[in-house]
Amino acid sequence: MAEEGQEHPISTYLWVWLLLFVLSAFSYAVDYVGFQGFTRWSLVLLFMFLKAYFICAVFMHMVWERMALVLALFIPTFSILVFIGIMGFESDYTQLSRKVFFDTGKPAKVYEVPHSKDHSKDHSDEGDH
Amino acid sequence: MTSTSKIPLKDGIEGFVSDWSSDQRAFKGVPWGKAMMWIFLLSDTFIFSIFLISYMTARWSTVEPWPNTSEVFALTVNGVSVPLLLIAIMTFILITSSGTMAMAVRSGYQKKRRQASALLYLTAILGLSFVGMQAFEWSKLIEEGIRPWDNPFGARQFGSIFFMVTGFHGFHVSVGVIFLFLIARKVQRGDYDTGRRGFFTWQKGRYEIIETMGLYWHFVDLVWVFIFAFFYLW
């Protein structure tokens with residue numbers, strides 16, 4: 001079965017391991033230093049994709065697999081981007097209609113929580129419906 | 001298991017076309033268990049994607065301010081508030097366990113039984129400590145009043161997204177830990193050398209099971225990379 005197994009030099013794993021540690025430290029540092037706005041999310045995304053790439057490529061042996069398997073896995077994965085796009089538009093639209101129809105002009109903090117303590121008590125007494 | 005075909009396999013796009021249009025076996029040189037694990041992980045990718053997309057939708061559509069995760073998940077050490085400390089430790093633990101898992105796969109293929117089982121046990125214990133810290137984090141946040149339907153820090157959707165995403169990930173880690181212990185025990189006992197049959201499947205296992213297990217474990221780490229970036233750091 002040796003020909004079907006994935007065997008690679010130990011130094012490869014150790015280097016990638018170290019790299020993942022460094023990248024994690026960097027992404028934590030983004031929060032620790034307190035970057036905001038574009039710098040923050042571009043750095044967060046950069047370190048995230050680098051980490052994801054190295055885990056997939058080396059730890060999960062993706063770079064050594066045949067293209068038949070790689071494409072079977074990655075074409076469906078990238079189709080998720082379409083879904084992300086659709087829901088991005090949808091959430092923009094939802095927020096817009098919330099602002100247009102539900103904005104009372106009061107500050108954001110002022111709202112009554114429907115599930116307040118006495119209200120939830122009423123429900124728990126009713127039992128299962 | 002049939003050996004790979006005697007006709008030399010082509011590489012690149014040409015290889016992809018000929019593999020997919022070939023008889024019997026599209027994923028050449030991949031044991032079926034590993035191919036099935038990959039297909040399962042693909043479906044799992046969809047599940048976690050749906051969770052993260054619903055998180056994005058909730059966060060972008062809410063008109064309330066989103067809680068500042070840097071403050072919500074801060075831990076006070078010696079009177080100093082350190083942002084995301086526990087989450088950072090959990091991240092490092094998961095990466096460490098990914099590393100030990102990769103080493104275990106390697107020693108498994110080299111038939112180093114004791115080394116492989118020791119590394120598998122280590123991976124399982126690291127995973128267990130991850131789950132423990134998550135339980136600590138959950139109980140701390142529940143104490144502070146975060147509920148799936150409400151929280152004192154801002155937008156109400158925050159609680160439900162938090163419990164759903166980290167809960168589902170924690171569940172994956174827990175299942176992984178159970179299987180890691182099982183496989184570590186089997187490797188330690190030498191099941192894959194003696195051909196002892198499994199208690200449930202009644203099949204003989206091979207050392208490549210460690211690689212299949214490794215795929216699952218690295219995937220759990222991979223998902224955490226995305227959760228860490230999108231939920232905790234964003």
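# Close-up views of the predicted model of chains A and B

**View 1. The contact between chain A and chain B.** In this predicted model, the contact draws 50 residues from chain A and 52 residues from chain B. On the side of chain A that touches chain B, four helices each supply at least two residues: α1 (10-33), α2 (37-59), α3 (67-78) and α4 (80-102). The largest share comes from α4(A), with twelve residues. Sorted by class, this side of chain A holds 30 nonpolar, ten polar and ten charged residues.

**View 2. Helix α4 of chain A.** The end C-alpha atoms of α4(A) are 32 Å apart; this agrees with the 33 Å that its 23 residues should span at 1.5 Å a residue. The helix is hardly covered, and the count of buried residues among its 23 residues is zero.

View 3. Chain A is divided into domain 1, residues 1-64, and domain 2, residues 66-104. Their C-alpha centres lie 25 Å apart.

**View 4. Chain B as a whole.** The C-alpha trace of chain B spans about 65 × 40 × 30 Å along its principal axes. Its secondary structure comes to eight helices and two strands, and from the N terminus on the order of elements is α-α-α-β-β-α-α-α-α-α. Of the 234 residues of chain B, 35% count as buried. Among contacts in chain B between residues at least 6 apart in sequence, 69% join residues at least 24 apart.

**View 5. The largest nonpolar core.** This core has 70 residues, of which B:A104, B:L120, B:I183, B:I210 and B:F228 touch the most other members. From chain A, the elements giving two or more residues to the core are α1, α2 and α3; from chain B they are α2 (32-61), α4, α5 (113-143), α6 (157-189) and α8 (208-233). The most is given by α8(B), with 18 residues. Domain 1 (1-64) and domain 2 (66-104) of chain A both give residues to this core, so the core lies between them.

**View 6. Helix α4 of chain B.** With 25 residues, α4(B) reaches 37 Å from its first C-alpha to its last, close to the 36 Å expected at 1.5 Å a residue. The helix is mostly covered, with 19 of its 25 residues buried. After α4(B) comes B:K111, whose phi is positive, near 60°.

**View 7. The surroundings of B:A104.** B:A104 lies in α4 (residues 85-109) of chain B. It counts as buried because it has 29 C-beta neighbours inside 10 Å, where 20 or more are required. Leaving aside neighbours within four places in sequence, B:A104 is in contact with B:A116, B:L119, B:L120, B:T123, B:I210 and B:G214. B:Q115 is eleven residues from B:A104 along the chain, and the C-alpha atoms of the two are separated by 7.4 Å.

**View 8. The surroundings of B:L120.** Not counting residues up to four places away in sequence, B:L120 touches B:A104, B:L180, B:I183, B:A184 and B:V187. Among these, B:A104 and B:I183 are, with B:L120, among the residues that touch the most other members of the largest nonpolar core.

Key. Residues are numbered from 1 along each chain as its sequence is written. Chains are lettered from A and ligands numbered from 1 in the order in which they are written. This is a predicted model: local features need pLDDT of at least 70, side-chain atom pairs count only at pLDDT 80 or more; totals for chains, interfaces and linings use all residues. A residue is buried if 20 or more other C-beta atoms lie within 10 Å of its own, exposed if 12 or fewer, and partly exposed in between; C-beta atoms are placed from the backbone. Two residues are in contact if their C-beta atoms, placed from the backbone, lie within 7 Å. The expected span of a helix is 1.5 Å times one less than its number of residues. Ala, Val, Leu, Ile, Met, Phe, Trp, Tyr, Cys and Pro count as nonpolar, Asp, Glu, Lys and Arg as charged, and the others, Gly among them, as polar. Domain bounds come from an automatic or database domain assignment. A nonpolar core is a set of buried Ala, Val, Leu, Ile, Met, Phe, Trp, Tyr and Cys residues joined through C-beta atoms within 7 Å.
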